[in-house]
Amino acid sequence: MEPEPSGDSDRLRWNTRYERRGTPSFTAHPLASRALSIPPPDGPVLDLACGPSGATLLAAADGREVTAVDVSEVALGLLGVEVRRRGLADLVTLVHADLLEWRPPRSRFSLVLCTGYWDRVVFGAAVGALRPGGVLAWEAFTTDARRERPHLPAAWCLAPGEPASLLPAGFRVVDVTDSGVKRSLLSVAAG
Ligand SMILES: C[S@@+](CC[C@H](N)C(=O)[O-])C[C@H]1O[C@@H](n2cnc3c(N)ncnc32)[C@H](O)[C@@H]1O
């Protein structure tokens, strides 16, 4: 039998989790609230590995166009129902895709947000998707998290200094917060 592509195993695993969890809270991640309050320049938002995202709902309620991408069609289904219930369907585009294959358009987004997911190549593509002055907000597990969660692959965890150390020249770091097991970055691209 052919081995499952990694994106497909992520899809099945996350579908099962979302099916078991029931109705999501749709609470925006605190990093999304902070990023939106900077505020980013006018323009669209990209929410990567969005899940049933409160961040997408918050940004759209603020009048922004949002592209929300996830490999789990269950997560996108839950989010889609809530998007329509809140009357935000004109502003939100749901993209069912594996981030290891999907690439965003370059220099397009005013805010790129990703919480709860890490991949270095995806990070590079996210940086390239920002327009001048755009805001990048990212949170992921650090390698320290593997002490408590030994099953976490190292490739899914931020190495010391990441992701700020991966930013190209011209990016301003607004904040790095490290809780030990997770690290978040808020950064602004050169205007
Ligand atoms: C920890 S959840 C985070 C969800 C949301 N961003 C949040 O902060 O609540 C990780 C999300 O990444 C998605 N994901 C995992 N692997 C992916 C991949 N290869 N491509 C796209 N999405 C992926 C999962 O479906 C899941 O919704």
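**Close-up views of a predicted model**

**View 1. Strand E1 and its partner strands.** Strands E1 and E4 run parallel and are joined by four bridges, where two strands are said to pair if DSSP finds at least two bridges between them. Helices (H or I, at least four residues) and strands (E, at least two) are DSSP runs, numbered from the N terminus. The model is a predicted one, in which local features need pLDDT of at least 70 and side-chain atom pairs count only at pLDDT 80 or more, while totals for chains, interfaces and linings use all residues. Residues are numbered from 1 along each chain as its sequence is written. From E1 the chain crosses through H3 to E2 in a right-handed β-α-β crossover, meaning that, with the strands pointing away from the viewer, the path from the first strand over the helix to the second runs clockwise.

**View 2. Helix H3 and its surroundings.** Helix H3, residues 54-61, is mostly covered, since seven of its eight residues are buried, among them Ala 55, Leu 57 and Leu 58. The buried residues of H3 pack against helices H2 (30-36) and H4 (73-85) and against strands E1 (45-48), E2 (66-70), E3 (92-96) and E4 (109-115), with contact taken as C-beta atoms, placed from the backbone, within 7 Å of each other. H3 is followed by Gly 63, whose phi is positive, near 95 degrees.

**View 3. The largest nonpolar core.** Of the 53 residues in this core, Leu 48, Val 112, Leu 113 and Ala 137 touch the most other members; a nonpolar core is a set of buried Ala, Val, Leu, Ile, Met, Phe, Trp, Tyr and Cys residues joined through C-beta atoms within 7 Å. Strand E5 (residues 130-141) gives the most to this core, with six residues. Leaving aside its neighbours within four places in sequence, Leu 113 is in contact with residues including Val 45, Leu 48, Ala 55 and Ala 137.

**View 4. The shell around the ligand.** Trp 14, Ala 49, Gly 51, Val 71 and Gly 116 come nearest among the 18 residues around the ligand, where a residue is near a molecule or strand if its C-beta atom, placed from the backbone, lies within 6 Å of it. Helix H1 (residues 6-21) gives the most to this shell, with three residues.

**View 5. Local backbone features in the loops.** A cis peptide bond with omega of about -15 degrees joins Ile 38 and Pro 39, and Pro 39 is found in the loop between H2 and E1. In the loop between H1 and H2, Phe 26 has a phi near 60 degrees, a positive value in a residue other than glycine. Phe 26 counts as partly exposed because it has 18 C-beta neighbours inside 10 Å.

Terms used:
A residue is buried if 20 or more other C-beta atoms lie within 10 Å of its own, exposed if 12 or fewer, and partly exposed in between; C-beta atoms are placed from the backbone. Two residues are in contact if their C-beta atoms, placed from the backbone, lie within 7 Å.
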